[in-house]
Amino acid sequence: MRVSGRTGAAGALLLALIACAKMGPPAGGAPDKVPPKLVATTPESVGVYPGWKNDVEFRFDEIVSEGSSPNFGLGTGDLEKLILLSPSGKVPVIKWHRDRITVRPREGWQPNRVYRVELLPGLVDLRRNKLDTTAVLTFSTGGELPTDTLRGIAIDWVQGRVAIGALVELILQPDSLVYRAVTDSGGRFTVGPLPGGEYLVYAVIDQNHDQRRGRRESYDSAVVAAGKPVPALWLIPRDTVGPRITQVAPGDSVSAVIGFGGPLAPDQRFDSSNVSLRRQSDSAPVPFRSVLVKELDDSLQRLARARADSLRIAADTTIPDSLKFRPARPLAPKAPAPALPGAPRVRVDVVAESILKSRPKLAQSLVLRVDSAFVPETKYLVEFRGIRSAAGVAGDAKGVLVIPKRPPPPPVDTTRADSTRKPNIPGKGLPADSLRPGKPTKPVKPKSSP
């Protein structure tokens, strides 16, 4: 059978349209709100497979989305962000097969090594239903089956809370094999089974989500001997220079707020031995009262205002003594609000709360207070000597406080009507229109009765 040129072109166009068509959810029927379910893995987890050469496979009960960003081996693809393969220093090869995802190391499987492949939460189906659970596959390519497990908790010390979604690196010594994991919603991690031995453990706030520990990212580390627990990891920026002042702004007439580029060490005090305040014009020293963390300064100011109010009430002769010194009744504790029907129950992590309270909070700003008010239109130079960052790095910091010009008093409104003048009342001899400014008033003649 002979096919004409026009028919052949039409067929080719149809095939091109079919090839370019994007796969989507079928039309009609009830909306599917169930996320994809992992039904099988290859190979099975926690097993020894000598000479393993195949891909690791995650199989689901429906077609999953490959994402909008392709996998080019750079760690930026949508699926590449959801797979952690350890130990490997390269981005793994990840392929999408409709209802399957396959993974293998870019350098190939190495003999006699324990591998850990973790599928992170975030995989979606064609209807954007998200899988919120984690799947971990651990197997060995030879040797003994691993048995050790490392557990710990990461704390974001700067924010004063547990570090959710922090990257965890466990480096086996002396082989330097790196195993990776991510902390859960409680800031905890559990990695195992692993080969026995000593580990160097890092926890990192992975700001750019590249699954690698960056030099400028907040982290903490600890050396963990074989069979020992992992101590709490307190994540902070690890700068190599001391704190730098980023802003000095007047608070009120007798205070200034000094902001720093990073958190400060909480165990340091500031006085005239390591802080100086001078007028910039003639370098004349200016005495100051205190330099405190902003949270502590705010608390002391609230107490001072409460004390001043009590003294003012005590000196007020118009208030009877029986009312001045009446003891305040303690407030009854508020009963917890009843939970709404169907609302999830809020669980308090007592262990995490106790760990957070074991160290003081970090601050990035200080409040400097003086006895006499700052002079308007004057610049002051504030200098710190040997101030330490939260990482323990000391340095000197300088900043300039600019006191602005005192604002002029508000202008007097001369157009406002005299408040002492008795207004004309409608119905009392003047019409209502006569109350409008600028219009002369006229007496109203009373109407004669018929």
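This is a predicted model: local features need pLDDT of at least 70, side-chain atom pairs count only at pLDDT 80 or more; totals for chains, interfaces and linings use all residues.
By the rule applied here, the count comes to one cavity of 30 Å³ or more. The largest cavity holds about 30 Å³ of space. Its lining consists of Val-248, Ala-256, Ile-258, Leu-277, Leu-368, Val-382 and Leu-401. By class, that lining has seven nonpolar residues, no polar ones and no charged ones.

Two of those names return when we turn to the nonpolar cores. The largest nonpolar core has 23 residues, and the members that touch the most others are Phe-260, Leu-277, Leu-368 and Phe-384. At least two residues of this core come from each of strand E17 (245–252), strand E18 (255–264), strand E19 (275–279), E21, E22 and strand E23 (394–403). What does Leu-277 touch, once neighbours within four places in sequence are left aside? Leu-277 is in contact with Ala-284, Pro-285, Val-286 and Phe-288, with Leu-368, Val-370 and Phe-374, and with Tyr-380, Leu-381 and Val-382. Another core, of 22 residues, lies apart from this one, and includes Val-191, Ala-203, Val-230 and Leu-233. As a general remark, nonpolar side chains tend to be buried together in soluble globular proteins.

The protein chain contains four helices and 23 strands. Of its 450 residues, 33% are buried. Among contacts with a separation of 6 or more, 64% are between residues 24 or more positions apart. The chain exposes about 29500 Å², and carbon and sulfur atoms supply 55% of that area.

Is Arg-369 buried or exposed? Its relative accessible area is 9%, and the cut-off for buried is under 20%, so Arg-369 is classed as buried. Beyond its neighbours within four places in sequence, Arg-369 is in contact with Asp-252, Val-254 and Ser-255, with Phe-288, Arg-289 and Ser-290, and with Asp-297 and Gln-301. Phe-288 is also a contact of Leu-277.

Next is Ser-218, in the loop between strand E14 (199–204) and strand E15 (219–224). Ser-218 counts as buried because its relative accessibility is 9%. Leaving aside neighbours within four places in sequence, the contacts of Ser-218 are Ala-203, Val-204, Ile-205, Leu-235, Ile-236 and Pro-237. One of these, Ala-203, is among the members of the 22-residue core.

The remaining residue is Lys-379, in strand E22 (residues 378–388). Lys-379 has a relative accessible area of 44% and is therefore partly exposed. Not counting residues up to four places away in sequence, Lys-379 touches Arg-278, Arg-279 and Gln-280, together with Val-400, Leu-401 and Val-402. Leu-401 also belongs to the lining of the largest cavity. How far apart are the C-alpha atoms of Lys-379 and Pro-404? They are separated by 8.9 Å, with the two residues 25 apart along the chain.

The largest pocket contains about 780 Å³ of space. It is lined by 34 residues, and the closest to its centre are Lys-81, Leu-82, Leu-120, Pro-121 and Gly-122. Strand E7 (114–119), strand E12 (177–182) and strand E13 (188–194) are the elements that give two or more residues to this lining. E13 provides the largest share, three residues. By class, the lining of the largest pocket comprises 13 nonpolar, 10 polar and 11 charged residues.

The second largest pocket contains about 600 Å³ of space. Its lining has 24 residues, and those closest to its centre are Pro-266, Val-293, Pro-360, Lys-361 and Ala-363. Which elements give two or more residues to the lining of the second largest pocket? They are strand E20 (290–293), helix H2 (294–315) and strand E21 (363–369). The largest share, three residues, comes from E20. The lining of the second largest pocket divides into 16 nonpolar, three polar and five charged residues.

Notes
Residues are numbered from 1 along each chain as its sequence is written. Side-chain values use heavy atoms; hydrogens and water are left out. Buried means under 20% relative accessible area, exposed over 50%, partly exposed in between (1.4 Å probe, protein chains only). Contact means heavy atoms within 4.5 Å. Accessible areas come from the Shrake-Rupley method with a 1.4 Å probe; for residues, only the protein chains shown count as cover. On a 1 Å grid over the protein atoms alone, a cavity is a set of points where a 1.4 Å probe fits but cannot get out, and a pocket is an open set with protein on both sides within 12 Å along at least five of seven lines; lining residues have an atom within 4 Å of a point. Grid points are joined across faces, edges and corners, and a volume is the space filled by probe spheres set on the points. Ala, Val, Leu, Ile, Met, Phe, Trp, Tyr, Cys and Pro count as nonpolar, Asp, Glu, Lys and Arg as charged, and the others, Gly among them, as polar. A nonpolar core is a set of buried Ala, Val, Leu, Ile, Met, Phe, Trp, Tyr and Cys residues joined through side-chain atoms within 4.5 Å.
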